Amino acid sequence: MSEKQEFKKANHVVLTSHINHVFENTPVVNWGEKDPKKRGPIIATVSDEETRNAIGTHSGSYTVYRALSIAKGEYDKDHRPDLFNTHATTTIGPHESWYDPEKIVSLDPWGGEVQSVFKDEIEKGLNVKPTIAVTQARLQLPEIYEAIEKGRLKPDGKVITENGDINVTKVALEPVWYLPGIAKRLNTSEGELRKILFKETGGMFPELVTRPDLKVLLPPIGSTTAYIFGNPDDLANTNVELSCRVHDECNGSDVFGSDICTCRPYLTYGIEHAAKTAQNGGVGLIVYFRKEGRALGEVTKFLVYNARKRQEGGDSAANYFKRTECVAGVEDARFQELMPDVLQYLGVKKIHNLHSMSNMKYDAITGSGIEVVNRISIPPELIPADAQVEIEAKKAAGYFTDGEVKDEGSLKNVQGRKLDE
């Protein structure tokens, strides 16, 4: 038997809830203030505790990997990024929605401009980091090459290159939560929200319950990416046609082509329409959220797959949602109330073509003040055979469709593959 490994106690740690960690020179955050200087920078870096004005830290879920690198001795914990030449390739905003403390509560609208708007503060030593980055990219997708081959799309040398690549502006956004605004959006009190966040994360952030003066949280969750087809400025122009898909991550389908759902086909169909709209003088937008498995996670999703396909009577559209709720306790944990913030950040006021069947998404978007003209469902020919269970169940549950809705008896006849097939 090996000897028990000796545990070496780390250096003394003082929680930031301690009275000695409330500093007079900590920058104040005035959320929604029009002047970014008066609004103040969001400082969630840990190099200087006296200037921190937010709970949590940067990089979302990757915070833990940074900690592991530091623990291994491969990362300088005092590193400060050199932001030279990292500024956005395209300027986004500012838009009127940036100045409304209730329109945007889950991201920092000034997070992509810290190199310029907080230049003086950075030069004085404040460790301010961007939470938004904007760059240019080309998309290479087999579905787009197929659309070109079949004549649905044509290269124009601008939106679509001669070899079939799509030019886009790409925007990465880290979550930055203004807790009073999040609480109001969810119809709860800030105190109750803080308590539940503290308890359900295993006490990860004690400041949630001990530092009511800190109003901003950088949660350890995934980021969001927006892909813009055409001129980003046109997103705010209601006279320019906008085709948009707001998509929640599905690794199995989006990346690996799993046929149990419609996620990748709907995504690539949205991309095709976004590119075509841009070619016709409009603008396209795909917003990609990291909310795997309806924000329940992939493990839960795979457990549900097994339960669906092993249940008595097989995997049928009639029991599609029931199995998810039995395993996860809820049909859907995405709660789309925070989703429109990205659209507000981009200045969107009107979506002419929304590629989505989800009423939750539609209600959240229109509830935020954005007009939706047309809703577009996925064409039947793009739906994989095993995904018929999902699509028919959604239609029967009231999801948007311009097709036939089956009755309960017919839903039982919509069957997916067995596990061993």
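**Exercise 1. Find which residues lie nearest the centre of the largest cavity, and work out what lines it.**

*Solution.* Start at the middle: C263, R294, R334, E390 and K394 lie nearest the centre, out of 30 lining residues. Next, look at the elements: β7 (242-248), α10 (263-279), α11, α12, α13 and α16 each give two or more residues to this lining. Helices here (H or I, at least four residues) and strands (E, at least two) are DSSP runs, numbered from the N terminus. The largest share, 5 residues, comes from α12. Now sort the lining by type: 11 nonpolar, 7 polar and 12 charged. For this count, Ala, Val, Leu, Ile, Met, Phe, Trp, Tyr, Cys and Pro are nonpolar, Asp, Glu, Lys and Arg are charged, and the others, Gly among them, are polar.

What is a cavity, by the way? On a 1 Å grid over the protein atoms alone, a cavity is a set of points where a 1.4 Å probe fits but cannot get out, and lining residues have an atom within 4 Å of a point.

Keep in mind that this is a predicted model: local features need pLDDT of at least 70, side-chain atom pairs count only at pLDDT 80 or more, and totals for chains, interfaces and linings use all residues. Residues are numbered from 1 along each chain as its sequence is written, and side-chain values use heavy atoms, leaving out hydrogens and water.

**Exercise 2. Work out which side of helix α13 is buried, and what it packs against.**

*Solution.* First, pick out the buried residues (under 20% relative accessible area, 1.4 Å probe, protein chains only). In α13 (residues 320-328) they are Y320, F321 and T324. They sit on the same side of α13, because they cover an arc of only 85 degrees around the axis; the arc is taken from the directions from the helix axis to the C-beta atoms. Then check the partners: these residues pack against α11 (292-295), α12 (298-310) and α16 (388-396), where contact means heavy atoms within 4.5 Å. Finally, step past the helix: G329 follows α13, and its phi is positive, near 90 degrees.

**Exercise 3. Describe the surroundings of A275.**

*Solution.* Begin with its place, which is in helix α10. A275 is buried, with a relative accessible area of 0%. Now list its contacts, leaving aside neighbours within four places in sequence: V159, I160, I166 and F229. Take I166 as one case: A275 and I166 are 109 residues apart in sequence, yet 7.4 Å apart in space, C-alpha to C-alpha.

Terms used: Buried < 20%, exposed > 50% of the residue type's maximum accessible area, 1.4 Å probe, protein only. 1 Å grid on protein atoms, 1.4 Å probe; cavity = no way out; pocket = protein on both sides within 12 Å on 5 of 7 lines; lining within 4 Å.
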